[in-house]
Amino acid sequence: MILAKNISYSYAHVPIYNDSSFSIVKGDKVALVGPNGAGKSTLFKLLMKEEHVIDGSLQITGKVGYVPQEIKHDPILDAAVDIHSYIDPEFKKQTYELILMLSSLEVNADLLDTPRKLSGGQRTKLALLRAIIEEPDILLLDEPTNFLDTEGKRWIMEFLSEYPNTLIVISHDISLLDRHIKKVIAINPMSKKIEEYKGNYSKYVKLKGENDEMLQRQFDNNQKEITRMKKGLHKMARMSSEKGARARANVQTRIDRITAALPQLPKELAHIKFTLPEPIRTSEIPISAKSIGKSYNDDVILSDVSLSIRRGERIVLYGPNGAGKSTFIKILMERLQPDTGEIVKDEKLHIGYFSQEFETFDFSKTILETVETSCSLPLTQIRPILSKFNFLRERIYQTVGTLSGGEKTRLSIALLMLQGYNLLILDEPTTYLDMESQKIILEALKSYTGAMLFVSHTEEFVEGLTPNRIMLLPENKIKYWLPKDITNYSS
């Protein structure tokens, strides 16, 4: 189905893959993994023949379908008479089947016959349904669980297990990868190789961890050998004879050879220390929502919702799509007025807000320029924090417009943490993140000492932040956090 032999590809003279080989046979369920910016989307473009390898051969047999992370413009959808003709142009499904599929992805069935302005998330869900119904020989899915709550994710997982053809999935949803994936294709940005691992994601992590440990030992041993030889070279400096000069040259050649062959360690093995600005201290209760109510026409979104956030407390806001989470957040941010109730804030409260949009970025500015514009910190403090978010060395001079969705998310969170906010409100911060970026964000947020209210359906991320309490909507219940709470409340 797919056979790659010694393929190489470069972008703007920068190598993305070097001399890489892998194979995917019919019916394989494959996870494509690698850090943001490693070349996952580029590999999808190669498989769709939008780009072409520079060296080697890439053989693809069968029809390829593709659903990206988010679709803002789709000429086929824009030209469609109605939604029904878009998602099922050959009328393979009965109307009731389409309604069930739409419902599983939290899309209103009224859309079938009534074209209207659609959000990026709705467009992506419709494109996913269209691809599922078409059943291409090879289906490429880029973050298929974005914009879905727990029930929607379950539906996708069932689909993955039953899809009759080849699937290649990019996803940060670990449970999805573990349950339904039989092979992992990993892009190693350090070696520029595409690596194959048999088994699910957990097995890949275990094998990769063992490889990384071996790489660390090799690195340490070679460093010790270089140090030993340099000491010997220093002692040999007193040897002024021709024989001594040749001996020194031989030792230097060996040092150069070992240094050149030193393995590049994975970024996750780097231990970068950084200090965050200390948030301004507030009163014990910096913000309270009292008896909040909000409706749109006859549709009640929030009713008698109250929440007091304590200083330094972490609260996860949880509920299915449509439960009113985003509405409640907008009211807390005073971007939306409630119909009833009030928000009471401490005068020293300074809120940092993350949403899934990046409209505040100037895409022409570099990462460093973006940070310097937003906060007045010295470069000596900015650099370590950007490094912790995986923007290393020359990367800080890259323009924001060239970043992937996950890299923009990392930059957004870094900016929030650099500005000394004493309350962070995060709306699905893991949406565009691969596993490595998710871990980077999680580790950085663990060190944040201010209060935090966040929305996330990624169980591992929520558990990693160990919230103090969980607020459930639409039930309007607040409980103390217990391990695996999301699993319990969504079952």
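The axes of helix 11 (residues 367-374) and helix 13 (residues 405-418) come within 10 Å and cross at roughly 30°. Here an axis is a line fitted to C-alpha atoms over the stretch in contact, and angles run from 0 to 180 degrees between N-to-C directions. Helix 11 is therefore roughly parallel to helix 13; angles under 35 degrees get that label. The crossing is right-handed, a term for a near helix turned clockwise from the far one by less than a right angle.

Helix 11 contributes I367, T370, V371 and S374 to the contact, and helix 13 contributes L411, L415 and L418. Contact means heavy atoms within 4.5 Å. These residues are 5 nonpolar, 2 polar and no charged.

## How the model is read

This is a predicted model: local features need pLDDT of at least 70, side-chain atom pairs count only at pLDDT 80 or more, and totals for chains, interfaces and linings use all residues. Residues are numbered from 1 along each chain as its sequence is written, and side-chain values use heavy atoms, without hydrogens or water.

Helices (H or I, at least four residues) and strands (E, at least two) are DSSP runs, numbered from the N terminus.

An open sheet holds 6 strands in the order 5-6-7-3-8-9, with mixed pairing. Two strands pair if DSSP finds at least two bridges between them. Strand 5 and strand 9 (193-198) are the edges, each pairing on one side only. Neighbouring strands are turned by 20° against each other on average, direction ignored.

Strand 8 (residues 183-188) and strand 9 run antiparallel, joined by 6 bridges. K183 has K198 of strand 9 as its bridge partner. Helix 1 packs on the sheet, and its direction makes about 155° with that of strand 6 (138-142). Helix 6 (residues 150-162) also packs on the sheet, touching strand 3, strand 6 and strand 7.

## A hairpin

Strand 17 (residues 469-472) and strand 18 (residues 477-480) are antiparallel and share 4 bridges. I470 stands opposite K479. The hairpin has 4 residues between its strands, and N476 takes a positive phi near 60°.

## Aromatic pairs

The whole structure contains 5 aromatic pairs. Ring centres must lie within 6.5 Å; planes under 30 degrees apart are stacked, over 60 edge-to-face, the rest tilted. F44 and Y66 have ring centres 5.8 Å apart and planes at 80°, so this pair is edge-to-face. F44 lies in helix 1 (residues 40-47) and Y66 in strand 5 (residues 64-67), 22 residues apart.

Note on methods
Angles under 35 degrees count as roughly parallel, over 145 as roughly antiparallel, 65 to 115 as roughly perpendicular and the rest as oblique. Ala, Val, Leu, Ile, Met, Phe, Trp, Tyr, Cys and Pro count as nonpolar, Asp, Glu, Lys and Arg as charged, and the others, Gly among them, as polar. Rings of Phe, Tyr and Trp (its six-membered ring) pair if their centres lie within 6.5 Å; planes under 30 degrees apart count as stacked, over 60 as edge-to-face and the rest as tilted.
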